[in-house]
Amino acid sequence: MLPLYKEMKHGAKYSRLAQSSKSFSLFLRLLLHLPQDSYPGKKKQYKPCKELVLYFHDILYNGQNAANATSAIVAAPEGANLTILAGQNHFGNIIVFDDPITLDNNLHSPPVGRAQGLYIYDNKNTFTSWLSFTFALNSTEHQGTISFIGADPILVKSRDISVVGGTGDFFMHRGIATIMTDSFEGDVYFRLRVDVKFYECW
């Protein structure tokens with residue numbers, strides 16, 4: 001009886017090893033046939049579902065240009081003047097704006113909507129701000145809003161902020177907006193080029 005028991009035990013052990021080997025082999029085959037974007041750390045390449053380029057123009061109220069101003073300082077460091085931006089990279093200033101949006105970089109082109117929101121100068125060690133605003137578009141081509149939010153390291157030539165949603169023609173759209181300072185005149189005027197790429201279009 002003893003040799004037969006040993007033989008049966010050996011056979012069962014061999015069967016378990018063979019089953020484990022088959023399972024491991026199947027696992028390897030599945031792993032090798034996984035799509036590339038299933039691997040951690042592998043970035044998927046996305047293509048935008050919609051794209052548009054717009055410009056908006058900001059004219060800061062300085063106490064003498066009320067007729068033309070499209071933005072105003074609404075908060076400032078203690079003792080600061082609300083018509084002059086603070087020192088130390090304007091740290092502590094909050095500006096509210098209602099700026100015209102155009103299809104080109106000409107301030108006097110017919111506006112296709114308004115850029116409305118605020119920017120906060122949030123670092124006294126470098127020239128940077130934080131943005132939260134909406135494009136309210138009202139033209140024959142586009143009707144609706146696009147909402148943006150994010151940090152704006154102003155000294156960087158090209159920077160990205162998030163497109164967090166929209167309404168109308170841009171209902172539930174999300175993506176990335178690349179902004180560039182297209183022109184500026186001291187502290188009173190600047191123009192931003194906004195390249196909006198939507199990666200979620202409903």
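A polar contact is a pair of N or O atoms within 3.5 Å; within protein, one must be able to donate a hydrogen and the other to accept it, and residues adjacent in sequence count only if both atoms are side-chain atoms. In this predicted model, local features need pLDDT of at least 70 and side-chain atom pairs count only at pLDDT 80 or more, while totals for chains, interfaces and linings use all residues. Residues are numbered from 1 along each chain as its sequence is written, and side-chain values use heavy atoms, leaving out hydrogens and water.

Arginine 159 belongs to strand β7 (residues 158-166); strands (E, at least two residues) are DSSP runs, as are helices (H or I, at least four), numbered from the N terminus. The side chain of arginine 159 makes a polar contact of 2.8 Å with the side chain of threonine 181. A polar atom of the arginine 159 side chain also lies 2.8 Å from the backbone oxygen of valine 156. Arginine 159 is buried because its relative accessible area is 5%, buried meaning under 20%, exposed over 50% and partly exposed in between (1.4 Å probe, protein chains only).

The model contains 1 disulfide, a disulfide being counted when a pair of cysteine sulfur atoms lies within 2.5 Å. Cysteine 49 and cysteine 201 form this bond, with their sulfur atoms 2.0 Å apart. The pair links distant parts of the chain, 152 residues apart: cysteine 49 is in the loop between α1 (2-32) and β1 (50-59), and cysteine 201 is in the segment after β9. The torsion about the S-S bond is about 85°, so the disulfide is right-handed. Cysteine 49 is partly exposed, at 42% relative accessibility, and cysteine 201 is partly exposed at 30%.
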